[in-house]
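Subject: The structure for you to look at

Hello,

Here is the structure I promised to hand over. Please open it and keep it beside you while you read my notes below.

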Amino acid sequence: MRACERVLDLLFPPKCPFCQKILEEPRAPLCPECRPKLPWLEGKAGERRIDFADGCYSPLAYRDGVPQAVHRYKFSRVRALGKPFGALMAQCLGGRLEESADLICWAPLSKKRLRERGFDQAGLMAREVGRLLSVPAGPALEKVRDTAPQSELEEASARRANARGAYALLPGVDLTGKRVVLVDDVVTSGSTLSECAALLRQGGAEEVYCLTLAQARSG
Ligand SMILES: [Zn+2]
């Protein structure tokens, strides 16, 4: 551990993302009391079929304490949660992918939403996953059209229409022959992920795997 990290831990002791208790083990992604209580997804339960993707994996179900923790991250702007969430996702992906990925990217916020929020929550998680798995992480997509938050749309068809044309491949991105991981916070209908996965394929990606912190039941 670097000295500056130790000082930061003393000044801002890391808290459990789920119950907000101060962690006795500051590098742990969550506290030992929450671990057995969370809705972990094992095997097939942690997989989802997404058009244009070769797989979609999530360590947790979007229920019990998980939605509240995700809201704290996104809407209360607790940027520090990118690290523990990224750690849980890296653990999940490491156990699922047989071969290492070439690039970790994410479903980005629009420039306007990024200005409002100050950070891109999926981007922070993607960078942490990349750091832990020693895979380069970087942007490959941009959000070109502001959309209604997917969480406000009940119907899968409305979510699909809302995501369509909302993203584009960043200019100059060449993914030819690459195995790419696409990160987002929560998968619900999967329309955002399939929209982004299709673009990554257009950019030449040979394999695309989606990775989210949590999986919600489709409405
Ligand atoms: Zn806890």
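Start with Lys 143. Leaving out residues up to four places away in sequence, Lys 143 touches Pro 108, Leu 109, Ser 110, Ala 166 and Tyr 167. Two residues touch, or are in contact, if their C-beta atoms, placed from the backbone, lie within 7 Å.

Two points before we go on. This is a predicted model, where local features need pLDDT of at least 70 and side-chain atom pairs count only at pLDDT 80 or more, while totals for chains, interfaces and linings use all residues. Residues are numbered from 1 along each chain as its sequence is written.

Back to Lys 143. It is found in strand E4, residues 141-143. Helices (H or I, at least four residues) and strands (E, at least two) are DSSP runs, numbered from the N terminus. Lys 143 counts as buried because it has 20 C-beta neighbours inside 10 Å. The cut-offs are these: buried means 20 or more other C-beta atoms within 10 Å of the residue's own, exposed means 12 or fewer, and partly exposed is in between, with C-beta atoms placed from the backbone. Ala 166 is 23 residues away along the chain, yet its C-alpha atom is separated from that of Lys 143 by 5.7 Å.

Now Gly 46. This residue lies in the loop between helix H1 (3-11) and E1. Gly 46 counts as partly exposed, because it has 19 C-beta neighbours inside 10 Å. Not counting residues up to four places away in sequence, Gly 46 touches Leu 41, Tyr 57, Ser 58, Pro 59, Cys 92 and Gln 215. Gly 46 and Lys 143 are 97 residues apart in sequence and 27 Å apart in space, C-alpha to C-alpha.

Next, the helix pairs. The axes of H3 (residues 82-96) and H5 (residues 121-133) come within 8 Å and cross at roughly 55°. H3 is therefore oblique to H5. Axes are lines fitted to C-alpha atoms, for helices over the stretch in contact, and angles run from 0 to 180 degrees between N-to-C directions. Under 35 degrees is roughly parallel, over 145 roughly antiparallel, 65 to 115 roughly perpendicular, and the rest oblique. Residues making this contact include Phe 85, Met 89 and Leu 93 of H3, and Leu 124, Met 125 and Val 129 of H5. By class, the contact of H3 with H5 has 10 nonpolar, four polar and two charged residues. Ala, Val, Leu, Ile, Met, Phe, Trp, Tyr, Cys and Pro count as nonpolar, Asp, Glu, Lys and Arg as charged, and the others, Gly among them, as polar.

H6 (residues 156-163) and H7 pack at about 35°, with axes 8 Å apart. Arg 159, Arg 160 and Ala 163 in H6 meet Ser 191, Thr 192 and Glu 195 in H7. That contact has one nonpolar, two polar and three charged residues.

Then the core. Which residues of the largest nonpolar core touch the most other members? They are Met 89, Leu 182 and Val 183, out of 56 residues. A nonpolar core is a set of buried Ala, Val, Leu, Ile, Met, Phe, Trp, Tyr and Cys residues joined through C-beta atoms within 7 Å. H3 gives the largest share of this core, seven residues.

Last, Ser 134. It has a positive phi of about 55° although it is not a glycine. Ser 134 sits in the loop between H5 and E4.

Best wishes
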